[in-house]
Amino acid sequence: MIFDIEVKISLKNGMLNPEATTIERSLDLLGYEVKNAKTIDIIKFQMEGEDREVIRENVVDICERLLCNPVIHNYKITVIPQNSACGIQ
């Protein structure tokens, strides 16, 4: 079975986010008043396997070893079997 994987990576609260700060300032210059802008990275890929929980455990390992720095990042994983309308997070 093939699973669609989505990983959303964000900075933990209190971490400086210069990209979000630039977005807020730019929108302010355009006349839009926004507060607390945040940016996230979304990484999508597919994995093959039979057990959704094993796939999820592998994705957690991928996140902690490669995609994220656990000191500064939070991440959220979604694993959806292909041809399925709902996901398990």
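Trainee: What order do the three strands of the open sheet have?

Mentor: This is a predicted model, where local features need pLDDT of at least 70, side-chain atom pairs count only at pLDDT 80 or more, and totals for chains, interfaces and linings use all residues. Residues are numbered from 1 along each chain as its sequence is written, and side-chain values use heavy atoms, leaving out hydrogens and water. Strands here are DSSP E runs of at least two residues and helices are H or I runs of at least four, numbered from the N terminus; two strands pair if DSSP finds at least two bridges between them. The pairing is antiparallel, and the order is S2-S1-S3.

Trainee: Okay, and which are the edge strands?

Mentor: Look for strands that pair on one side only. Those are S2 (40-48) and S3 (73-81).

Trainee: How many bridges join S1 to S3?

Mentor: S1 covers residues 2-11 and runs antiparallel to S3. Along that pair, Asp4 stands opposite Ile80. The bridge count is nine.

Trainee: Which helix packs on the sheet?

Mentor: It touches S1, S2 and S3, with contact meaning heavy atoms within 4.5 Å. Its direction makes about 150 degrees with that of S3; axes are lines fitted to C-alpha atoms, for helices over the stretch in contact, and angles run from 0 to 180 degrees between N-to-C directions. That's H2, residues 52-67.

Trainee: Which residues does valine 59 touch?

Mentor: Leave out residues up to four places away in sequence. The contacts are then Ile5, Val7, Phe45, Met47 and Ile77.
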